[in-house]
Amino acid sequence: MASVDVRKVFKRFGSVEVVHGIDVTIEEGSFVVLLGPSGCGKSTLLRMIAGLEEITSGEIAIGGKVVNNVPPKDRDIAMVFQNYALYPHMKVYDNMAFGLKLRGAEKATIDQKVRQAATILNLTEYLDRFPRQLSGGQRQRVAMGRAIVRDPQVFLFDEPLSNLDAKLRVQMRTEIRELHQRLKSTSVYVTHDQIEAMTMADKIVVMRDGHIEQSGAPLEVYDRPNNLFVAGFIGSPAMNLVEGTVKRANGATQVVTADGVSLPAGANAVAAEGSKVIYGIRPDHIALANGGASLDVEVAVVEPTGAETLVVGKLGKTDIQAAFRERHAFKPGQRVPMTPMLDKVHLFDAGSGRRLG
Amino acid sequence: MAATATALDPRSGAALEKLGRWLDNRTVLSVLFMFPAASILLVFLTYPLALGVWMGFTDVKIGRPGIFIGLENYISLFNDGVFLLSVFNTIVYTVVATIFKFGLGLWLALLLNHTIPFKAYVRAFVLLPYIIPTVLSAIAFWWIYDAQFSIISWGLSQFGLIDRYIDFLGVPWNARWSVIAANVWRGIPFVAICLLAGLQTISPSLYEAAALDGANSWQRFRHVTVPMLMPILAVVLTFSVLFTFTDFQLIYAITRGGPLNATHLMATLAFQRAIPGGQLGEGAAIATAMIPFLVGATIFSYYGLQRRKWQQGSQDD
Ligand SMILES: Nc1ncnc2c1ncn2[C@@H]1O[C@H](COP(=O)(O)OP(=O)(O)OP(=O)(O)O)[C@@H](O)[C@H]1O
Ligand SMILES: [Mg+2]
């Protein structure tokens, strides 16, 4: 087990810079998820940690030792690839044993480790098959098995679940998480699926265009997004973001939109009067109003998912989504009075996109 | 009109239905679909082949129809030193040339598979020996190997490595090595390009996985490249062996089988005996004697072509 330190790392492909000075610390034994939209440089960063991609400038240290010039095989890491990269001509057993064989482990040790990993991953009955004869989920587990038999310092995962169907993905998510709790190995996990990130991570690193936008514990990132990008990216359904101007009247702060709708922002909002802001509220932080001040939302679509009811509607001219735990039989066109939970309102500076307060 | 008539007549309707069902039968359909291709093969492949084999059992000569003489041609060939020499030559030629073609071809393919500048041009350039008409390159080689004007001899003597020009085509083993070299030069592009195609189907992430598993570059070659390349290697090997074994043009243009029949291959000897020599029957017998060797190579390819066990199963990855 070891920590991974990424210090001021840049990456250029030819003349194009794709990673612009990333600083991140992955603590020993933690499960860190790199999250970001496609093309933001997650895989590139992971591959630099693995040693598969050269580091243009900066430093990467594993277990306190700078590894910039250490070849991948000597970094003592294991990686699970998106396409699994199983050796098609080797049986499952040999796929898992290959790394140990190359490192000159004894036959008995290899056998014991492979069988142990197979037991953990429920692969014992497939040891004698070729990768082609396995289902996607089984292949995924073989790829995991190949990583864990080597007992490496750091596990790297590059979107290991993206080829699986939704149900299997949820199941494997739990399995990987359980495996981590059992092995307590430092893990870096790349995904663009924010649910995966939220559910699996000890720490989420949100990336965009080769920068880190925010890093922290999942709920912390969810509750206090640093900026508009993170606010919009984390959470599903996505946060409602409405542009407006701050107005203060008799002690209460409001954000008034271009078409004159006043959104209540709570007492502790720190935006200056008259400044342009983006008002953010998550759909599940909108409640039905029972009397008092309310927002009149005109229902456009109702999407019952079983667990909750998602209402897509219009507030003045802006689209707004609200999610309710209860079932409601709203009709399209109906006007429903709603109210945002004041302590869950986020305000962002309209210019810089930064969080206010 | 016919359609309405049949539709009205219930009996012919039933017959049509029967025909329809008969046409739906897989066996019937496959025979029907195979018929055009099979008849072309029959006319253009089987007939000449059968005729050749038949002629091997006769004493037909140019301008004179022959009679069936059984195995007489083959018996005389077995006691014919020149024929036996040609078998020996053919085997040496095929084995040695194939080893070199595959060794060098694989090496070239590996080089070309790296990221190199002007990749497309380099690849096109590599194909050049294969594109040039055989006879043209044979003439070039003939000139290169010329007793008086050989550029190789000239070069070596300029460096002071030899004091007498090498007689490339005048001494049996020199001549054998010379034609083998020419064949290798011509054959490498085919091998290299085929193997390059094979190399490019190997997913780079396999190499990355192997590198992380601790494999050095030799181990990556040994445990990833070679096994993944095996299926295509078997096929290319078979084709290459077939082409080399039946080679005619290069030899005929460079040495005509000389000196002292040292470079006569079975194909050139068959032609020599049959056309200039007029002994059609004997020439046909020599050509027929190649068949067992070729069938052997084809059987090898059959097993090589068979999908290996690890290739079976679903393709979705
Ligand atoms: N070998 C390369 N040469 C040039 N550019 C590259 C190379 N590899 C990646 N890039 C570029 O670097 C950027 C980051 O790529 P990367 O693969 O890290 O994205 P990602 O965040 O993993 O995206 P995804 O979620 O789609 O996998 C992309 O803009 C990509 O085009
Ligand atoms: Mg990626």
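Arg47(A), Glu53(A) and Glu208(B) are linked in a network of salt bridges, a salt bridge being a side-chain nitrogen of Lys or Arg within 4 Å of a carboxyl oxygen of Asp or Glu. The model is a predicted one, in which local features need pLDDT of at least 70 and side-chain atom pairs count only at pLDDT 80 or more, while totals for chains, interfaces and linings use all residues. Residues are numbered from 1 along each chain as its sequence is written, chains are lettered from A and ligands numbered from 1 in the order in which they are written, and side-chain values use heavy atoms, with hydrogens and water left out.

The closest N and O atoms of the salt bridge between Glu53(A) and Arg47(A) are 3.0 Å apart. Arg47(A) counts as buried because its relative accessibility is 17%; buried means under 20% relative accessible area, exposed over 50%, and partly exposed in between (1.4 Å probe, protein chains only). Leaving aside neighbours within four places in sequence, Arg47(A) is in contact with Leu52(A), Glu53(A), Met79(A) and Glu208(B), contact meaning heavy atoms within 4.5 Å.

An oxygen atom of ligand 1 is 3.0 Å from a polar backbone atom of Gly41(A), whereas a polar side-chain atom of Ser43(A) lies 2.5 Å from an oxygen atom of the ligand. For Thr44(A), an N or O atom in the side chain is 2.4 Å from an oxygen atom of ligand 1.

Over all chains, a search of the whole structure finds 19 salt bridges. One of them joins Arg7(A) and Glu59(A), with the closest N and O atoms 2.7 Å apart. This pair links distant parts of the chain, as Arg7(A) is in strand β1 (residues 4–13) and Glu59(A) in strand β4 (residues 57–62) of chain A, 52 residues apart. Arg7(A) is partly exposed, with a relative accessible area of 34%, and Glu59(A) is partly exposed at 33%.

How values were computed:
A polar contact is a pair of N or O atoms within 3.5 Å; within protein, one must be able to donate a hydrogen and the other to accept it, and residues adjacent in sequence count only if both atoms are side-chain atoms. Helices (H or I, at least four residues) and strands (E, at least two) are DSSP runs, numbered from the N terminus.
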